[in-house]
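Good morning, and thank you for coming. I would like to walk you through one protein chain, step by step. Please keep the sequence and the picture in view while I speak.

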Amino acid sequence: MIRTKNLGTFILQINVDGTLTSGSTASGMVPFDGFISNIFAAVLTGTVTLTFDILKNGTSIFTTLPTIGTGKTLSGTGIVTSGTPSQVLAGDILTVDVTNIGAGAPKHLCTLITISKVNPSAMTYLADHNE
C-alpha cells in the first residue's frame, strides 16, 4: 500500500503474477474507509486482449468490465467505475479476477487502485478512525 502524504489518498496495489489464464486471481484487504476513485492496470507482457474484473467482497464494482487491448500493455490513462464511486470499508476484500484472455500467454497483471477519503462525486470526506 502506498499513502500519498497528507492528501487522504491511498494506492492499493494488487498483482496477479505469472502466466495469466481465465480465472487467475489475487486479493488485497482495504485497511481504511474510503472511495475507489481510479484504477490503473498494466500487463507486463502479452499481445492479446485481456478482460478483468475487480470484486468487492465477491461482487463486481463494474457495470462493464475493463479490457486491455491487443498489443497494449496498459489499460489507458485510468479506469473509473461508472456512476457513483464504489465506497469501501476497512476490512473489505478486493479481488482482481482475469475473466478472459485471447490466444497467447500474457503475464503479470498489475493493478493500482486509488482509494480516497473524499468521495470524488460528492466531495464528502470520511473521517479516519485510525488517526
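Predicted model: local features only at pLDDT ≥ 70, side-chain atom pairs only at ≥ 80, totals over all residues.

The strands meant here are DSSP runs of E with at least two residues, while helices are runs of H or I with at least four residues, and both are numbered from the N terminus. S4 and S10 are joined in the antiparallel sense by nine bridges. Two strands are said to pair if DSSP finds at least two bridges between them.

Residues are numbered from 1 along each chain as its sequence is written, and side-chain values use heavy atoms, with hydrogens and water left out.

How confident is the predictor in the chain, in terms of pLDDT? The average pLDDT, which is the predictor's confidence in each residue from 0 to 100, is 79 for the chain, and 74% of the residues score at least 70. A contact means heavy atoms within 4.5 Å.

Now the overall plan. The chain has zero helices and 10 strands. Of the contacts with a separation of 6 or more, 77% are between residues 24 or more positions apart.

Several further pairings can be followed on the picture. S4 also pairs with strand S8 (residues 87-88), antiparallel, over two bridges, and Gly34 stands opposite Val88 in S8. S3 and S9 run antiparallel and are joined by five bridges; Met29 has Ile93 in S9 as its bridge partner. S5 and S9 are antiparallel as well, with seven bridges, and Asp53 has Asp97 in S9 as its bridge partner.

Let us turn to the interior. Of the 131 residues in the chain, 41% are buried; buried means under 20% relative accessible area, exposed over 50%, and partly exposed in between, with a 1.4 Å probe and protein chains only. In soluble globular proteins, nonpolar side chains tend to be buried together. The largest nonpolar core here holds 26 residues, and Leu109 and Ile113 touch the most other members. Such a core is a set of buried Ala, Val, Leu, Ile, Met, Phe, Trp, Tyr and Cys residues joined through side-chain atoms within 4.5 Å. S2, S4, strand S5 (50-56), strand S9 (93-101) and S10 each give two or more residues to this core. Leaving aside neighbours within four places in sequence, Leu109 has contacts that include Ile14, Ala41, Phe52, Ile68 and Val98.

Which residues does Ser116 touch, not counting those up to four places away in sequence? Ser116 lies in strand S10 (residues 107-116), and the residues it touches are Gly8, Thr9, Gly34, Phe35 and Ser37. Because its relative accessibility is 9%, Ser116 counts as buried.

Thr25 is in strand S3 and, at 47% relative accessibility, counts as partly exposed. Not counting residues up to four places away in sequence, Thr25 touches Val16, Thr95, Val96 and Asp97. S3 has an uncovered face made of Thr25, Ser27 and Met29, and a covered one made of Ala26 and Gly28.

Finally, the aromatic rings. The structure holds one aromatic pair. Phe10 and Phe32 form this pair, which is tilted, with 4.0 Å centre to centre and 35 degrees between the planes. Phe10 is in strand S2 (residues 9-19) and Phe32 in the loop between strand S3 (25-29) and strand S4 (34-45), so that the pair, 22 residues apart, links distant parts of the chain. For the terms: rings of Phe, Tyr and Trp (its six-membered ring) pair if their centres lie within 6.5 Å; planes under 30 degrees apart count as stacked, over 60 as edge-to-face and the rest as tilted.
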